[in-house]
Every structure is written in C-alpha cells, then in structure tokens.
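Please look over the sequence and the model shown here before reading on. The paragraphs after it go from the overall fold to a few local sites.

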Amino acid sequence: MGISLVATRDDETVESWERPRSATSVRIEAAPAYAALPAPLLKVSGVSLEYRTPERVVRATHRIDLNVHAADRFVLLGPSGCGKSTLLKAIAGFHLPIEGEITLDGAPVRGPGPDRIVVFQEFDQLPPWKTVAQNVAFPLRAAGLLGRREADERARHYIDKVGLSRFADSYPHQLSGGMKQRVAIARALAVQPKMLLMDEPFAALDALTRRKMQEELLALWDEVRFTLLFVTHSIEEALVVGNRVALLSPHPGRVRSEVNCHAFDLASVGSRDFQAAVQVLHRRLFEAGSEADAAR
Ligand code: ADP
Ligand code: MG
C-alpha cells in the first residue's frame, strides 16, 4: 500500500493512495505544478458555524477551508455531531457562517438557489400527492426554469437516467426507500445545478440497496459528470464514492486532513489496499485526533 504526498495546492496538503508498484512501495512525491488548475467551483474559507439558543451557543464547525473543483466527488467524512450537515446546509445557503466565506463560481453564497440542490437522508422528501414525474418536474416549474411541456420532458429524461421510467406515473408510497432516493436524485439533477449536495443519502437503506445505490451514483456521475459534495460517516462509503475526502475532527468540526482516493471504487472493497486505506482513515479520524484534541 503506497500512501504518497502528491500535491500541494492553495496551501493544502493533499495525500493520495496510489496503486502500489511493488508490495512495499511507499512513495513521497514532489508536488507537481498545479498552476494550470482552474479556480475552484466552491471555495469554503475559514468558515465557522454556530447554533444559538437562549441558553447557549453550540459551535458546529471551526474555521473550515475546502476547495471543490468542477466534477469532483468531494466527500465530507466525520463522526456524528462533527458538523457535516451544518456545513452542507451552509453551502446550500440555509445557514450563514459567523466567520469566513463560502463562494460558488466566485460569487458569495447568501441564500439557497437552484445552482445547489440537496438530497437528504429521509425518504419523505417527496410530496406524496405528486407522481414521480410531477415530483421531478415541480422544481423546474416552481423556479420558472421551464414551461410545463419542457419540464415534463426533462423530468422523464432524468427519471430514465435513474432507471425508473416504469414508475414515472406512480406515487411515492408505491416505491421502496431506494426508489424514493433515486427520485430525489433525479429531481436534483433535473435542475442541472452547479453542485449536487447529498447528506448521508443512503444511510437509511439496507446494506445491499446501499451498495447498489453507490454503484448507480458512480455510473450516473460517469455519464453526467456533475459536481458532488457527499456527506457520510462511513469510511468505506467515503472511499468508494469520493475522489477526494476531507476528514473532519469531532465536535466542533475542523478539517483534519484531506486525501485523494480516486484509486478506489466498488470493485476495490475487500481488497488489501482498500482495507489498509480504511485502517489509515480510521486511525486519523479517531486515534490521532483524540491525542491532538486532548492537547488543545
Ligand atoms: P453531523 O451532521 O456531523 O452529525 P450536525 O451538523 O448535525 O452534525 O451537528 C453539529 C453540532 O451542532 C452537533 O453538536 C449538534 O448537536 C449541533 N446542532 C445541530 N443542529 C442544531 C440545532 N438546530 N440547534 C442546536 N444545536 C444543533
Ligand atoms: Mg448529519
């Protein structure tokens, strides 16, 4: 298993798993020039987020820095309560930072917009009185993006992409949890947002369905090349879904480190390299962190 330092950009140290050339290869590489990289699509700079109640203030994240580039599958990985959902909501524009700034395509995020669509974990995110096609078409009509016919055509196109053409005229209660999540993904992609934000979208599914959904999401990404920000507390899921993973420390969330993991996909699960990577991330998330946190 080779873990190599491959790049430094924007003052971030980014590590990456490389497929080893020999059983013992561990390489530290000089940083290649990233000067030609385009500006990041999403820039999160020094963002702290808090909840204020009359009794107390809860700091959810502390001075987070992230850069997400177009067509990244960027994963926020961290234990429950470390502020992943709060950060995702801030990027979606539902929660304003108390310090720092979030910009999308260079413009500050000041509220929600059709350029960032969120898919949540809950299966009840679809109004039950609308059919699948109506659910997917609704945001296109509501945001005034398309007329009735065009919205219906676009909706059916994305319903087809998530493999639900036969269910376009069914209602949500006639679908399984996995199918409802496919509808939520189709509804999000149909808006053709700059970023798709997913907050533990498969966490409530059984293991087999979850794996199938991960596979489908990657196939969909291969086809559509959307920019994804994906939140999970599962190390395995992070390695499978992401090409880049930011590891967040426990409450309040800070970026502990960032790794590239494009070498892994569903076919790697169970391999020795994959298991080794899981172990390294586990140690970084929990063991190294508890020492560092205790020293603070
Ligand atoms: P994660 O998604 O990583 O599990 P969250 O972003 O949901 O974490 O929560 C981060 C922290 O903020 C937690 O300590 C949580 O208890 C707190 N928190 C979340 N939502 C609220 C809220 N509405 N009011 C007060 N505290 C909250
Ligand atoms: Mg959460």
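The model is predicted: local features need pLDDT of at least 70, side-chain atom pairs count only at pLDDT 80 or more, and totals for chains, interfaces and linings use all residues. Residues are numbered from 1 along each chain as its sequence is written, while chains are lettered from A and ligands numbered from 1 in the order in which they are written.

The protein has seven helices and 12 strands, where helices (H or I, at least four residues) and strands (E, at least two) are DSSP runs numbered from the N terminus. Of its 296 residues, 38% are buried; a residue is buried if 20 or more other C-beta atoms lie within 10 Å of its own, exposed if 12 or fewer, and partly exposed in between, with C-beta atoms placed from the backbone. Two residues are in contact if their C-beta atoms, placed from the backbone, lie within 7 Å. Among contacts between residues at least 6 apart in sequence, 68% join residues at least 24 apart.

Helix α2 (residues 132-142) and helix α4 (residues 177-190) have axes that come within 8 Å and cross at roughly 30°. The axes are lines fitted to C-alpha atoms, for helices over the stretch in contact, and angles run from 0 to 180 degrees between N-to-C directions. Angles under 35 degrees count as roughly parallel, over 145 as roughly antiparallel, 65 to 115 as roughly perpendicular and the rest as oblique; α2 and α4 are therefore roughly parallel to each other. On the α2 side the contact is made by Val132, Asn135, Val136, Pro139 and Leu140, and on the α4 side by Val183, Ala186, Arg187 and Ala190.

Leu248 belongs to strand β11 (residues 244-248). This residue counts as buried because Leu248 has 27 C-beta neighbours inside 10 Å. The residues that Leu248 touches, leaving out those up to four places away in sequence, include Leu76, Leu77, Gly78, Lys84 and Val255. The C-alpha atoms of Leu248 and Pro79 are separated by 7.7 Å, although the two residues are 169 residues apart along the chain.

Around ligand 1 there are 13 residues, of which Tyr51, Ala60, Lys84, Ser85 and Thr86 come nearest. The elements giving two or more residues to this shell are β4 (57-68) and α1 (84-92). The largest share, three residues, comes from α1. A residue is near a molecule if its C-beta atom, placed from the backbone, lies within 6 Å of it.
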